[in-house]
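Colleague: I would like to learn how to read a model such as this one, feature by feature. Please give me the general idea each time, and then the case at hand.

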Amino acid sequence: MSELVAMVLAAGRGSRMRPLSAMAPKPLIEVAGQALIDHVFDRLEGAGVARFVVNVHYLPDLIEVHVRRRVDGRVTISDERTHLLETGGGIVKALPLLGEEPFLVANSDTFWIEGASNNLARLVEAFDPARMDGIVLCAPTVDAVGYDGRGDFELTTGGQVSRRVERTIAPFVYAGCAVLSPAAFRDAPEGRFSLNVVFDRMIAERRLYGLRLDGIWLHVGTPEAIGLAEKAYRASAA
């Protein structure tokens, strides 16, 4: 990848974060002293990202002003003010802005405590276009702070991804970051759809791989989860 580009998904309404998200979009809610989206920019810049595409829909002007201040001159806004396209549709709309090379995609509330190595740099390094159309960062379900779901994925010893078996708990949850090839979106649906549609097709074609997160994933999905995340963050810095 000659120039590392990242798509930051920031268009969602953040309804589970109410009442905090009634007046501020979820990406701008502060955790551990800075906005969630700034934690994401920190991680992406640490991995060498040179250019950003950020999609907006809910309270878009607030996000646009914030990100232009943070990465001025290196950000392009993908405007979804009139129609929210969800994660998959948002990326498809932004493909002309992302270029022809594989790119990083990150949820705007992705947040973790780094381990011994830079997770996104590892993710970029592990992407192999000969074998895969995408590689996702996977956090161990059992260690995730603030997460009470059943997980998303199983990983083979070779790193191939499969979906959680029904009525079981999967060992890994999607940590909100991936490297994806534009080829992953060939024949993608039009309009609004979830990125999971693309993930499922890649799984069926054995073209989706996963990388285990080195560190602790912090799931900040509700106001109550902010305190848990901040407690873990402070403990890691002690």
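Colleague: Let me begin with a single side chain: does Arg186 count as buried, partly exposed or exposed, and at what relative accessibility?

Modeller: The classes rest on relative accessible area, where buried means under 20%, exposed over 50% and partly exposed in between (1.4 Å probe, protein chains only). Arg186, at 36% relative accessibility, therefore counts as partly exposed. Before we go on, note that this is a predicted model, in which local features need pLDDT of at least 70 and side-chain atom pairs count only at pLDDT 80 or more, while totals for chains, interfaces and linings use all residues. Residues are numbered from 1 along each chain as its sequence is written, and side-chain values use heavy atoms, with hydrogens and water left out.

Colleague: Where is the place of Arg186, and which residues does Arg186 touch?

Modeller: Helices (H or I, at least four residues) and strands (E, at least two) are DSSP runs, numbered from the N terminus, and Arg186 is placed in the loop between strand 11 (172-180) and helix 5 (195-204). A contact means heavy atoms within 4.5 Å; not counting residues up to four places away in sequence, Arg186 touches Asp133, Arg201 and Glu205. With Glu205 there is also a polar contact of 2.8 Å between the side chains. That term stands for a pair of N or O atoms within 3.5 Å, and within protein one must be able to donate a hydrogen and the other to accept it, with residues adjacent in sequence counting only if both atoms are side-chain atoms.

Colleague: Which side chain is joined to that of Arg206 by a polar contact?

Modeller: The partner of Arg206 is Gln160, at 2.7 Å from side chain to side chain. Gln160 is buried, with a relative accessible area of 13%, whereas Arg206 is exposed at 54%. Both are loop residues in this model: Gln160 lies between strand 9 (153-155) and strand 10 (161-163), and Arg206 between helix 5 and strand 12 (208-212). Leaving aside neighbours within four places in sequence, Gln160 is in contact with Glu154, Leu155, Arg206, Leu208 and Tyr209, and Arg206 with Arg131 and Gln160.

Colleague: How should I read a helix, and where do the buried residues of helix 6 fall when seen down its axis?

Modeller: Begin with its length, for which the expected span is 1.5 Å times one less than the number of residues. The 15 residues of helix 6 (residues 223-237) should span 21 Å, and the end C-alpha atoms are 22 Å apart, which agrees. Its buried residues include Ala225, Ile226, Ala229 and Ala232. The buried residues fall within an arc of 135°, so they line one face of helix 6; that arc is taken from the directions from the helix axis to the C-beta atoms. On the other side, Glu224, Lys231, Arg234 and Ala235 are exposed, and strand 2 (30-31) and strand 7 (112-114) are among what covers the buried residues.

Colleague: Which residues are buried in helix 2?

Modeller: In helix 2 (residues 60-70), Pro60, Ile63, Glu64 and Val67 are buried. They cover an arc of only 100° around the axis, which puts them on the same side of helix 2. The buried residues pack against helix 1 (36-46), strand 4 (51-56) and strand 5 (75-79).

Colleague: What about the backbone: which residues are joined by a cis peptide bond?

Modeller: Arg18 and Pro19 are joined in this way, with omega at about 10°, and Pro19 is found in the loop between strand 1 (5-9) and strand 2. Positive phi is another backbone feature to look for: Glu86, in helix 3 (residues 86-98), has a value of about 65° although it is not a glycine.

Colleague: Finally, how many helices and strands does the protein chain have?

Modeller: The protein chain has six helices and 13 strands. Its radius of gyration is 17 Å, close to the 18 Å that the globule rule gives for 238 residues, so the chain is as compact as a globular protein of that length; the radius is taken over C-alpha atoms, and the rule is 2.2 Å times the number of residues to the power 0.38. Buried residues make up 51% of the 238 residues, and among contacts between residues at least 6 apart in sequence, 72% join residues at least 24 apart.
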